[in-house]
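Keep the model open while reading.

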Amino acid sequence: MEDHLKSCTQSKSKCFSTKFISIFVSSLFLVIILFHTQYSSPFEFSLSARSQIRAFLSQENYSDVIETMNAELKDSVTFLPLKDLRFTETARDGHTWFMSSLNDILEENETEHLYFPSKESKGRLLCFKGRDIRDGTKNSYALAWRGSLPDSAILLEGLTFVSDTYYNHDNLWHGICAMAPLVRWSMKNECLNPARWVLFHWGELRLKMGSWVQQLMQANFGEVKVEGFDRGDVPYCFEKAIVMRHDLGQMKQENKLKVSDQLRCKARSYCGLNPAGKGREMNERGFPIIRLTLLMRRGSRSFKNATAVTDIFAKECAQVEGCILHVAQSEDLSFCDQVKVLTNTDIVASPHGAQLTNMLFMDRESSVMEFFPKGWKENAGVGQYAHHWMANQSGMKHQGAWWDPIGEECPSPQDHLQCFHFHKDGMVGHNKTYFAEWARRVIDQVRLSKVELASVDQAKQLHDSKACVC
């Protein structure tokens, strides 16, 4: 019994000693931490605390923690529909339906845009998934940090130009309106060229631009590679990306002119044209050369009697010494042919249509005459002024338009949309007296302008002879 009590007492003494040592060590550790808190800077304490925590964790456990956190970041990447149907009614002039959760970066006088990675994206990259060409809600987007991209994601290196347009990238007019903001962004960012292009229409993937638009972009940027996301049904993330989704948007007139000058200059260089001295040419008798071009089209909105129209303009041109008439069929011209014809044009007269977009290649202050079929003035809406707007943003003089008053009447005059489609493919007649007086007036204005230009000092020539910005 006595031996048992001794054993029990000794055991309690050992237990007490062990507890005492543990409490002492813990207290000492706490004192050390408190000492660091009082006498160390927050940064020093942070490093110290971190090193102590790592000391208590094995290297293997620490790696597991990092791997788990990275996996959780990957799993937290959320893909949203590229086309948000909640904003269908405001897609053109209000809150955009393309990548609707993101707000644009706004810069004075520039069009709205998005850039990745940026402080606005908190350093995250832009990722796309899906390649549907009919339903933009089936394509999606997300933001992710480079070290935590979604599983199976393909990282596309270099700069990517992304364009979504409410209209399309095929038509000359709509295509250039979609591309101009990207040209402007490049001009003000060290003339950066994209490694690839990604094109959307209402969030639907597009695999190509129209030939004219693509060659114009090729003239400006070099080879144009349109991304098709054809390496599997996986996310595609971009090292750098600039996104334009408002076409010309809020870009001011001064910058529109700069873009037009750049595109004109690059197209002429691409096609091997040197316009030096253009605008000051004289004939052998000392009269200024005036080049008048009738730019014709076939089918819808062509002239009903092209020969009669040509005769009217030829007669008026022949009455002004130095005036030269050229008749060109737009469908028969290659891209560089179009650049050449319009580069050598002071006055272009043409029916309303995509071919008039070639006015871009004329010198600033050149003149544009436009013709419409019956019914357009009443039913076509503001779209009929597209080339008037383009003349303004390219530095041209839009010399007015003629709306044919003669033609078939719309069977449903109360329905403007139906009447527009009825008249859309109509043809254009002519008025001999009106056309002759109009042509005479415009030719005379250009003649006086040429005479005045000839007396201006060489150093005061227009932009067109200057080197391209990029």
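A residue counts as buried when its relative accessible area is under 20%. The model is predicted. By that cut-off, six of the six residues of strand S6 (residues 196–201) are buried, so S6 is largely enclosed by the rest of the structure.

**Strand S6: side chains**
- In a regular strand the side chains alternate between the two faces of the sheet.
- Arg196, Val198 and Phe200 point one way from S6.
- Trp197, Leu199 and His201 point the other way, and all are buried.

**Strand S6: partners**
- Strand S5 (residues 154–165) runs parallel to S6, joined by six bridges.
- Thr160 has Arg196 as its bridge partner in S6.
- S5, helix H4 (residues 172–187) and S6 build a right-handed β-α-β unit.
- Strand S7 (residues 204–206) runs antiparallel to S6, with three bridges between them.
- His201 has Glu204 in S7 as its bridge partner.
- S6 and S7 form a hairpin with two residues between them. Trp202, in the turn, has a positive phi of about 60°.

**The five-stranded sheet**
- Five strands form an open sheet in the order S10-S9-S11-S12-S13, with parallel pairing.
- Strand S10 (323–329) and strand S13 (397–403) are the edges, each pairing on one side only.
- On average, neighbouring strands of this sheet are turned by 15° against each other, direction ignored.
- Five bridges link strand S11 (residues 347–351) to strand S12 (residues 367–372), which run parallel. Ile347 stands opposite Ser367 in S12.
- Helix H12 (residues 432–454) packs on the sheet and touches strand S9 (290–296), S10, S11, S12 and S13. The direction of H12 makes about 180° with that of S13.

How values were computed
Residues numbered from 1 in each chain as written. Predicted model: local features only at pLDDT ≥ 70, side-chain atom pairs only at ≥ 80, totals over all residues. Heavy atoms only, no water. Buried < 20%, exposed > 50% of the residue type's maximum accessible area, 1.4 Å probe, protein only. Helix = DSSP H or I, 4+ residues; strand = E, 2+ residues; numbered from the N terminus. Pairing = 2+ DSSP bridges. Right-handed = clockwise from strand over helix to strand, strands pointing away. Axes fitted to C-alpha atoms, helices over the stretch in contact; angles between N-to-C directions. Contact = heavy atoms within 4.5 Å.
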